[in-house]
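Have the sequence and the 3D view open as you read.

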Amino acid sequence: MKPKVVITHWVHPEIIDLLQTVAQVIPNTTRDTLPRAEVLRRAQDADALMAFMPDSIDAAFLDACPKLRIIGAALKGYDNFDVDGCTRRGIWFSIVPDLLTIPTAELTIGLLLGLTRHVLQGDRRIRSGSFQGWRPELYGCGLTGRTLGIIGMGAVGRAIVKRLAGFDMQLVYCDRRPLDADLERAWGARRATLEELLASSDFVVPMLPMTQETQHLIHAGTLAQMKRGSYLINACRGSVVDEQAVADALASGHLGGYAADVFEMEEWQRSDRPAGIPQALLDNTGQTLFTPHLGSAVKEVRIEIEREAARNILQALGGQRPSGAINDPAAVVA
């Protein structure tokens with residue numbers, strides 16, 4: 001009997017073909033997230049699971065799937081997965097750590113430019129039929145001479161700075177570990193405290209993982225420390241930002257604009273996660289720019305992320321250590 005692999009979300013056909021060389025594959029052929037009960041029904045006798053960002057794997061899920069050998073996650077952040085629980089049960093847990101970096105950095109810069117130059121409002125003006133030629137309107141904020149503050153100088157933060165180095169901006173960052181001195185000089189980057197960064201930056205970009213420490217790092221108090229009229233761009237995790245506090249800061253005029261690709265409603269591991277995006281943010285079309293979690297939505301990148309997750313699964317099913325494993329199970333299920 002071939003081992004059984006369950007794929008929780010839609011993947012490209014070539015990924016199914018790859019897995020089918022050694023396994024019976026149960027794919028999700030829709031573009032929707034399956035209910036947890038349905039995923040459990042499919043996975044209860046599965047040897048492997050390819051999981052995605054909307055999945056939440058806890059101890060109860062693992063107990064209901066005693067044959068699992070590996071969860072191959074097609075993602076980088078994994079706080080909604082019980083990795084320790086996998087380890088105790090002899091289950092490999094693997095991620096795809098590097099492939100999301102560049103597309104996420106590129107989208108963050110796109111959101112920054114789109115927000116500050118009123119690209120969406122301009123598009124709406126053209127489509128409304130009211131455009132009759134140049135008018136002195138929709139004045140935005142240029143980047144040259146402005147200060148960009150990045151909170152968290154990991155792989156994505158560094159990729160953003162590298163790509164913005166030619167915009168003649170002042171670059172400030174906050175991180176527990178300083179950049180290499182040569183990189184700081186090459187990029188013109190200056191390390192600062194969070195308070196200094198917020199007070200001096202025209203554009204603030206948090207680029208942090210979701211942890212207890214980072215949840216609502218950007219709240220009413222930290223927003224008040226930002227320069228009046230400055231902009232906030234969030235493409236890391238929704239709950240790093242208190243969305244209601246952002247809505248209030250926009251309404252008061254203290255915050256100039258907010259762009260986001262991620263939202264608090266997506267934090268599946270939070271028992272108190274909001275059911276939706278605050279209506280005040282959705283209604284504020286003049287100061288906001290939103291995209292539906294498109295950070296890694298580049299076709300070639302998504303295929304390679306899925307392929308890497310599949311390779312991890314194939315390695316585990318073949319008795320090897322998955323190349324993307326982040327745990328070391330005491331005893332792998334035979």
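Buried residues make up 49% of the 334 residues in this predicted protein model, where buried means under 20% relative accessible area, exposed means over 50%, and partly exposed is whatever falls in between (1.4 Å probe, protein chains only). A quick note on ground rules: residues are numbered from 1 along each chain as its sequence is written. Because this is a predicted model, local features need pLDDT of at least 70 and side-chain atom pairs count only at pLDDT 80 or more, while totals for chains, interfaces and linings use all residues; side-chain values use heavy atoms, with hydrogens and water left out.

**Overall build**

The fold has 13 helices and twelve strands; these are DSSP runs numbered from the N terminus, with helices being H or I of at least four residues and strands being E of at least two. The radius of gyration is 22 Å, which agrees with the value near 20 Å that a compact globule of 334 residues would have. That figure is taken over C-alpha atoms, and the globule rule is 2.2 Å times the number of residues to the power 0.38. Laid along its principal axes, the C-alpha trace spans about 70 × 50 × 35 Å.

What about contacts along the chain? Of those between residues at least 6 apart in sequence, 64% join residues at least 24 apart, with contact meaning heavy atoms within 4.5 Å.

**Annotated spans**

UniProt, in an unreviewed entry, annotates residues 5-327 as "domain: D-isomer specific 2-hydroxyacid dehydrogenase catalytic". That span is 36% helix and 15% strand, and its end C-alpha atoms lie 20 Å apart. The unreviewed entry also lists residues 109-295 as "domain: D-isomer specific 2-hydroxyacid dehydrogenase NAD-binding". Here the chain is 34% helix and 17% strand, with 11 Å between the end C-alpha atoms. UniProt positions are given in the numbering used here, feature names are shortened, and annotations may be inferred rather than shown by experiment.

Helix α7 (residues 155-164) has Val156, Gly157, Ala159, Ile160, Val161 and Leu164 as its buried residues. Their cover includes α5 (101-116), β6 (147-151), β7 (170-174), α8 (181-187) and β9 (203-206).

Between α7 and β7 there's a loop that holds Asp168. Most residues other than glycine have a negative phi. Asp168 has a positive one, near 55°, and counts as exposed at 55% relative accessibility. His293 also has a positive phi, near 55°; this residue lies in the loop between β12 (288-290) and α13 (299-317) and is partly exposed at 32%.

Leu255 belongs to strand β11 (residues 255-260), and Ile16 to helix α1 (residues 13-19). Arg302 is found in helix α13, while Gly324 comes in the segment after α13.

| Residue | Relative accessible area |
|---|---|
| Leu255 | 2% |
| Ile16 | 18% |
| Gly324 | 9% |
| Arg302 | 18% |

Which residues do they touch, leaving aside neighbours within four places in sequence? For Leu255 the contacts include Leu223, Met226, Ser230, Tyr231 and Gln287. The C-alpha atoms of Leu255 and Ser230 are separated by 5.5 Å, although the two are 25 residues apart along the chain. Ile16 touches Ile7, Val11, Val25 and Pro27.

Arg302 is in contact with His12, Phe52, Ala74, Ser296 and Ala297. Gly324, for its part, meets Phe93, Ser94, Ile95 and Asn312. From Gly324 to His293 is 31 residues in sequence and 23 Å in space, C-alpha to C-alpha.
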